[in-house]
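Keep the structure open while you read.

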Amino acid sequence: MPPTPFTPPAPPETRSRSPFKLAGVFASAVAVALAMTACQPLQALEPAPEREEVTTASLDGKTIVEGGDLVMALSAEPDRLDPTTSSSLYTRYVMQTMCQKLYDIDASGELIPQLATELPEVSEDGLTITIPVRQDAVFADGAEFNAEAVRQTLDRHLNLEGSSRASELGPITSIEATDEYTVEITYETPFAPLTAALADRAGMMLSPQALDAAGENFGDSPVCVGPFKFVDRVPQTSISVERDPLYYDAENVHLDTITYRIITDANIRAANLRSGDVHVADTISPQDIDALIQEDGIGILQVGSLGYQGLTINLGNTDGVGEPVGTIDTPLAQEAAVRMALSMSIDREALVNTVFNSWYQPACSPISPESPFTSELSEACPPFDPEGAVALLEEAGIETPYEIEMQVSNAPDTLRFAQALQAAVSEEGAFSLTIVPVEYSTLLDVQSRGDFEMLQLGWSGRVDPHGNMFNFLSTGGGNNYSGYSVDEVDTLLREAAQATDDDERAELYGQVVEKIQEDNPLIYLYRVRSLTAYTTNIAGVETFADGVVHLSNVAFIENEGAQP
Amino acid sequence: MAATEIAATGTGPDNGPGNGSASAGLGSARGRIWRSLRRNPLGIAGGIMLALVVLAAVLAPVIAPYDPTEVHFDAPFQDPLTVGYLLGTDDLGRDIFSRMLFGMQASLQVGALSVLLAVVVGTPLGLLAGYWKGFDAVISRLTDVTLAFPFLIIAVGLAAISGPSLSNAAIALGIAQIPTMIRVVRGETLRIKESDFVLGARTMDASGLRIMAQHVLPNAASAIIVQATVIMPVAVIGEALLSFLGLGIQPPTPSLGIMLSDAQQYIFRSPTAAIFPGIAIAVICLAFNLFGDALRDALDPTSTSRSRSGKKNRK
Amino acid sequence: MIRYVGTRLWQSALTLILASLVVFIGVRQLPGDPALAMAGEEATPERVEAIREMLGLNESLASQYFTFVGNLLRGDFGESTRTGTPVTELIATTLPVTLWLSAYAIVVAVVVGILFGVIAERFRGRWPEWLANGFALVGLSVPNFWLGILAILYLAVTLGWFPASGYVDVASDPLRGLYYLTLPAIILGTGLAAVIMRQTRASMIETMSTDYVRTARAKGLGRGRVLMRYGLRNSLIVVVTIVGLQLGGLISGAVVTERIFALPGFGKLTLDAVFTRDYPVIQAVVLIITVSYIVINLAVDILYSVVNPKIRVGGAN
């Protein structure tokens, strides 16, 4: 914005003697710009390559240089650094170096113990869960880590006003420290997703000493068990942590400090990586990644997401989410055939390849193929069949093109996808989408109030399928923005949450997906891929299916000239 | 912003009351304006650029080779001068040239709407404030409050509140410009009110409204027009800015600001996509600035007389 | 004089109260719900309700306003709803960035503007004047956010002369800090430089045609000397006024410049707060901008009336 032009007290002399000079300069500048690129034919697209998962830049065979200050570019600013109240995913990036969890997930997406020593032991009736915890761990402030500390933390997750964790932990009736290093959790009804929840923020253990001192303000200076401990936070700018000498596995920690620098612009993250000002950068844009791969000295980690992006269709959310469903009298809301036709007229593969340079994956269900709970049913996809879609609509006696208003967030990436989607579904004349872009905060509001016909939003994904389905698809679910309410699905989801056998659960979730693909309250479209770039003078960076970039084991390495 | 505080009183500092062209016949004034404009080559250049820009925008549906929202999945990121795409294509294979033409149309629409709003609301308030002291206190406080918020804050706030769209962007930008318009008109009114012929009309018992309509408004017209040419480029850039921030015109409707914010996503892959829309904005604003400068010189009799004497001095 | 200052002070206080009301109500007119924005994708009706309760959003508007003003008078701006950081701390870390940036931009604008203004006057009718005039016109016409994007593309990334983004605290490392701010300051200062250049030139031309200058010239003083001694000195007053008056424009410009260069400043804080519906931050930020704006305008007006009692702006007719 140039400052508002100052209206001068009439310059006495503004006569110029060279007519058209400026216009001439401008015209020639344009001409030169045009002439720089000679006339050329259309440039053809390259075919989409296969994408393979790369989750780890291994330290094996590298010469480690102890110490050093690592800088990571974070794509968004974390919210409160308080595992109990945090609701931003980026907070996990920072917290995972400071706050270890009872459980963790490994490269293959399996749950493994971290501060617990074994996977939880579940009683016959599924109501009592016993977790043994580490005996060698100490909080960064010197407080002792034991079963009582675990109890206190879980209690806070459950009962603190404004806790985001309470619903993740399920219907707990009591938490007890049965001995110094054993915790016992009792449930009202069996709750299988607990272990996965304890591998996320709900499993982060907080120092009782710090909790007593800081109370609600714990997030201002969090204290946990972890390889690094909190140093300071400069709002909007950075968060720094330093090596914790009290950490039980301190000898495998190589870095002195880690600074998370907040750089929201994808281009600028890439530029800083190139210049070596940052060593790791998350969420590289599919627009930049191909160029980055070509560069010497930059490595890429890529892993598919557990979440999804999709279209939520309003079936009965008339009074806001959580309220009893009402009736919406449109063919889209009333007739499953219309929604089926919409799903069939979307060429997910082609869309993803065009809009995201084939870096993202098409998706048809809430269960990622990366998840241990994937099954044949959950992998199934409705056919791409635009003619079939038109036929389906005609059969139902619906005039084509059927007009739908789609609200989307006005982030550039989403908008590009929306515009491509709009063009794609209108190709055979089946549908005509009107895109209504709204600001993200407004979209959340619209979604929750049910003030939409169809909207496009995503879900970041949880390790356990329960977290990706129950709240969205069950009657009265806290995120059931569609107002979808089918007894069969409710029953299946409840059974799946209570079943303790993984294969049985996968089977049940598969059945839910099958039903959802008939009813289409949500039309799943694609999954993003977490793209992380790092400079090759470091190693040990890991990123798993939860999308979190792990820096705990990172070390600077001697330059052997060899690229991974 | 407050800059125009000086503009408002601006004609004031060194030209005493009664120095205005007020009593000069309208016909001769028009002739003088034309003569002055014709003698100003930069002004002519601005006028021609302006005509071309307006023509291109109005004729966009005719000139544009493609629908601006037409997606070509097989031809994204084409360079300029590629066969079929004069200025290349963007990430979705949409023709940049076509989008630019329609974007200019949107820019001018927003600009014109916000100028209209500023003039329609600002002029009567400015007249009232300048003519009656009672109104002055109220209106001046209100303009003070509005002026206390920087332009962008008002525009961002209004656009966020009313929801982003072309008309809301225009309204936000227009409202942000109303206070300066009020001040300009108020200043002019204060000046003209003291001139001999208004004093004369007053002694003849003409009503305030009548004096305003017959004497004040016509004589303040030139200042209003000049201010309009000042607002226009500000509004055009403002539209681009709001759209760039996601608070203005919404995709798929093409706008120069949206083209820029899209292009910023893939600027390293295809820098030209970011260059052309920027040039278009600059050309529109340059045209208005050049033309506005010339118009100001032509319309403001004091400046012409001064520059004439200035010329004499130099000889 | 005293009465004039008194009137202006009283008016400013009134403006301020009105402004606080406008901000308070305006913020609550934003569509969307801060509790929802805070809960993010994990929003469930119960959680949103709990957050609303926590933020005091369930109370009546009037009681919220009085709480807000009451806290304000005690110097308490509240806490960011998003990060939980006290707003005063947010302001303390972001304001210096914007102040440094603006100060740097003003310096750039004043130096470049006066230089070009002097050049334009000194070389009237020759090519340097065209160049300076052209610069001013382009400076006024080119959107500076676009200029910023191009500068990053060519000057920072392609040529590598400047860092593409980032901020180093100027107070703790002045050289590097200023280096990082150079490109943003140039971009931000361009528009202002154009305005200053035009005004400098206009004021100089005016000075040069006054009687006393002509007398000085007649006495044999060289044109260059006269220009420096009288022309420049007079134009400085004009420049000071413009800088004061254009500060609001500069703040607007800073918002965008910070966004493009990813500077952790006040402008970025404002935009982020608007987008995340962070009520306490929006309120505090807008009020601070407003207060500084009012104070600066007041100072300029009073200074102006001291310098030239004929032009008392506002309320002194």
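## Two sheets in chain A

Strand 1 of chain A is held to strand 24 (residues 555-557) of chain A by 2 bridges, and the two run antiparallel. Within that pairing, Ile64(A) sits opposite Ile557(A) of strand 24 of chain A. Keep in mind as you look that this is a predicted model.

That pair belongs to an open sheet of 3 strands in chain A, ordered 1-24-21 and paired antiparallel. Strand 1 (64-65) and strand 21 (538-539) of chain A are its edge strands, each pairing on one side only.

Chain A also has an open sheet of 7 strands, in the order 9-10-11-2-12-20-13, and here the pairing is mixed. Its edges are strand 9 (228-234) and strand 13 (298-304) of chain A; each has a single partner strand, so one side of each has no neighbour in the sheet. Strand 9 of chain A is joined to strand 10 (residues 238-243) of chain A by 6 bridges, and these two run antiparallel. Look there for Phe228(A), which stands opposite Arg243(A) of strand 10 of chain A.

| Strand pair (chain A) | Bridges | Direction |
|---|---|---|
| strand 1 and strand 24 | 2 bridges | antiparallel |
| strand 9 and strand 10 | 6 bridges | antiparallel |

## Where chain A meets chain C

How many residues does each chain bring to the contact? Chain A puts in 49 residues and chain C puts in 61 residues. On the chain A side, the elements giving two or more residues are helix 1 (21-35), helix 7 (266-275) and helix 15 (440-449) of chain A. Helix 15 of chain A gives the most, with 6 residues. By residue type, the side of chain A that touches chain C splits into 18 nonpolar, 20 polar and 11 charged.

## Chain B, made of helices

Chain B has 13 helices and 0 strands. Of its 315 residues, 62% count as buried. Take the contacts in chain B between residues at least 6 apart in sequence: 73% of them join residues at least 24 apart.

Is Asn40(B) buried or exposed? Asn40(B) counts as buried because it has 23 C-beta neighbours inside 10 Å, and the cut-off for buried is 20 or more. Ile267(B) is 227 residues away from Asn40(B) along the chain, and their C-alpha atoms are separated by 40 Å.

Helix 5 of chain C has 36 residues, which at 1.5 Å a residue should span 52 Å; its end C-alpha atoms are 50 Å apart, so the two values agree. Helix 5 of chain C does bend by about 30° at Thr94(C), with a proline, Pro96(C), following within four residues.

Helix 5 (residues 87-122) of chain C also has the highest mean pLDDT among the elements of chain C, at 89, while helix 10 (residues 223-245) of chain C has the lowest, at 74. Chain C has a mean pLDDT of 82, and 95% of its residues reach 70 or more.

The stretch to be careful with is residues 311-317 of chain C, where pLDDT stays under 50. The model has 18 contacts beyond four places in sequence for that stretch. Where pLDDT is low, predicted coordinates should not be read in detail. As for the complex, the predictor gives an ipTM of 0.78 and a pTM of 0.78.

Definitions and conventions: Residues numbered from 1 in each chain as written. Chains lettered and ligands numbered in written order. Predicted model: local features only at pLDDT ≥ 70, side-chain atom pairs only at ≥ 80, totals over all residues. Buried ≥ 20, exposed ≤ 12 C-beta atoms within 10 Å, placed from the backbone. Contact = placed C-beta atoms within 7 Å. Nonpolar A, V, L, I, M, F, W, Y, C, P; charged D, E, K, R; others polar. pLDDT = per-residue confidence, 0-100. Pairing = 2+ DSSP bridges. Expected span 1.5 Å × (residues − 1). Bend = angle between axes of the 7 residues up to and from the residue.
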